[in-house]
Amino acid sequence: MDIVRITFLLGAVIGVPAVLVAYIVGADRLIRLLPARLQPAFRPWVWVGPALILVGLFLVYPVVATLWISVLSTDGHQFVGLGNYATVLGDNSVLIAIRNNIYWLVLYTGLVLVFGLILAVLADRVPYEGPVKSLIFMPMAISFVAAGVIWKFMYSYQPAIATQTGTLNAVVTSVFRQQPIAWLIDHRTNNLALIIAAAWIWTGFAMVITSAALKGIPGELLEAARVDGATETQVFFRMIIPLLAPTLTVIGTTLVIFALKAFDIVYVMTNGNYDTDVMARRMYGELFNYGFRVGRASAIAVLLLIAVIPVLIFNLRRFQFQESIR
Amino acid sequence: MSVAPVAAPTAAPTPLVVERGEPRRPFTLGSLPLHLVLILLTVIWVVPTLGLLVSSFRPGFLTARTGWWTAFAPPFQFTLQNYRDVLDSYNLLGSFINSLTIAIPATVIPIAIAAFAAYAFAWMKFPARNILFLALIGLLAVPLQVTLIPVLSMFKNFGLNGSFLGIWLAHTGYGLPFSIYLLRNFFGALPNDLFESAAIDGAGPLTMFFRLVLPLSVPALASLAIFQFLWTWNDLLVALVYLGGDPAVAPMTVTIANLVNSLGQGYELLTAAAFLSMALPLVVFLALQRYFVRGMTAGAVKG
């Protein structure tokens, strides 16, 4: 690492917090010059100021600007109303991307929740819970790019006459005596193959949170049900699931947002080919593969934004409820 | 009311396994299916990573012809050549340094800015406080995609595209809502008595923040730091869009994504590259797992 780079890094890592502290301390000095009753009116804005400016610059303004760009022609000179939306929604390949996002929404969310729940409940009953959970959770630390490489390798396909080097096809051919499957190309499997790779990463997330909620259920409650003659299946479906429902819903909302934004896995593993495209990848494609088509790209982005609005409202309601019981 | 033994809210990191305080069920034959299913699932979860790790140490001509599992049978042929090749010929070392250059400031800066804001949201009263905080929660769900085009043209106007400064700022802006949300919840849960008695002793907001809130919040700051570091280290989209295709500034994710396209069947190099990019986050994760889990469960379990 060269000297310039190190200085640059240190400057940012030490300099920025130092400047911030100096700013807060300095501003506080100034505020203390004001009459005492005015101070509480000014001080909060000094503290939230830098954050509000950056959030405004990188989130609020761009969202508004994207809404505006989406109703302009790509050169930005002409108001086209909903023209970009019509173009985008009239494009069959975009419709396929929307269809795939629906697959992601249902299958990815479902797989992660179900496996997270199963693993949390099973691991709760064994003495080696810790190691199992660590291993399942580990993929959460890995990038989607690395996970994409890992799973491309798992799905690797050779013609039937050759030796299969991919784990899955080796199992298919030698254990099940079937023809190898081109997982990432075959239209019957490829979307599911991508979704499984993403679910593999995030199941640990669902498991850990579900597990924490599971530990919060009083043991006596379940024991009482068992004493009253409830079977394990009844305890699971009639007690554990309803008691975990709020937690599962919260995890679900996180997963739904992720399913809508899915980009990296698709970009790395298929780049949207073979009918595996999704909205976020398509938007990137509109910009960088098909010649910076800003109007269409922002229309797709706005469609994504519209899709997350129910989740957004749900989050706000949940927060207000939490605050009210605080 | 005495404030002496103040119990900071869960100041200790939550371990991955919480004991419920009831005796473990003894191992019985009836629970055998349970163990089998759980172990099978765990093995399924580990195999993909294991395959990558083993392949990264196998010579390329073998990886192309045989499955990674054959490496466990004689002749045991392992090599470090793949690692040497990617580090030398594909500039992965440079990308590793770029990733560090991006991720470290992109972790420190948003946390520093968020801490001040979170303190104001938790303990100061101002007119638009609730509305602004609700807006931040709303922004948590907004897909990054909606911001890409305007931010990119803003960067182009200021000459910030393709620069580290630009990507630090972008990661800071994107990371702030979550950082403020997490820290504000933690700060807000600190006991009120603490602040009252400090105020009686004549402490102003600065003293309270630096002497009281920050030291008590080390676990929350640690879990936030891990999150933000993993996000920025593992990020592909933001780097791809704002840094452009310049290999001189490309982080590992971008370099590897490019290798996937260009190498085609050169799997052995790809496996080594992927493993190099995973090494640091895995170390961080294994060393600080407790904080990571704590931060994740903080917002989600309640309610």
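Me: What does the domain assignment of chain B give, and where do its bounds come from?
Reply: Chain B is assigned domain 1 (45-79) and domain 2 (84-300); such bounds come from an automatic or database domain assignment. This is a predicted model, in which local features need pLDDT of at least 70, side-chain atom pairs count only at pLDDT 80 or more, and totals for chains, interfaces and linings use all residues. Residues are numbered from 1 along each chain as its sequence is written, while chains are lettered from A and ligands numbered from 1 in the order in which they are written.

Me: How do you know that residues of domain 1 of chain B are in contact with residues of domain 2 of chain B?
Reply: Two residues are in contact if their C-beta atoms, placed from the backbone, lie within 7 Å. On that basis, 8 residues of domain 1 of chain B touch 7 residues of domain 2 of chain B. H1(B) gives the most to the domain 1 side, with 4 residues. That side divides into 3 nonpolar, 4 polar and 1 charged. The C-alpha centres of the two domains of chain B lie 35 Å apart.

Me: Why is H5(B) called oblique to H7(B)?
Reply: The axes of helix H5 (residues 129-140) and helix H7 (residues 164-188) of chain B come within 9 Å and cross at roughly 125°. Axes are lines fitted to C-alpha atoms, for helices over the stretch in contact, and angles run from 0 to 180 degrees between N-to-C directions. Angles under 35 degrees count as roughly parallel, over 145 as roughly antiparallel, 65 to 115 as roughly perpendicular and the rest as oblique. H5(B) is therefore oblique to H7(B).

Me: What makes the residues in the contact of H5(B) with H7(B) nonpolar, polar or charged?
Reply: Ala, Val, Leu, Ile, Met, Phe, Trp, Tyr, Cys and Pro count as nonpolar, Asp, Glu, Lys and Arg as charged, and the others, Gly among them, as polar. Leu136(B), Ile137(B), Leu139(B) and Leu140(B) in H5(B) meet Pro177(B), Phe178(B), Ile180(B) and Tyr181(B) in H7(B). By class, this contact has 8 nonpolar, no polar and no charged residues.

Me: Which residues of chain B count as buried, and what share is that?
Reply: A residue is buried if 20 or more other C-beta atoms lie within 10 Å of its own. Of the 303 residues of chain B, 49% count as buried.

Technical notes: Helices (H or I, at least four residues) and strands (E, at least two) are DSSP runs, numbered from the N terminus. A residue is buried if 20 or more other C-beta atoms lie within 10 Å of its own, exposed if 12 or fewer, and partly exposed in between; C-beta atoms are placed from the backbone.
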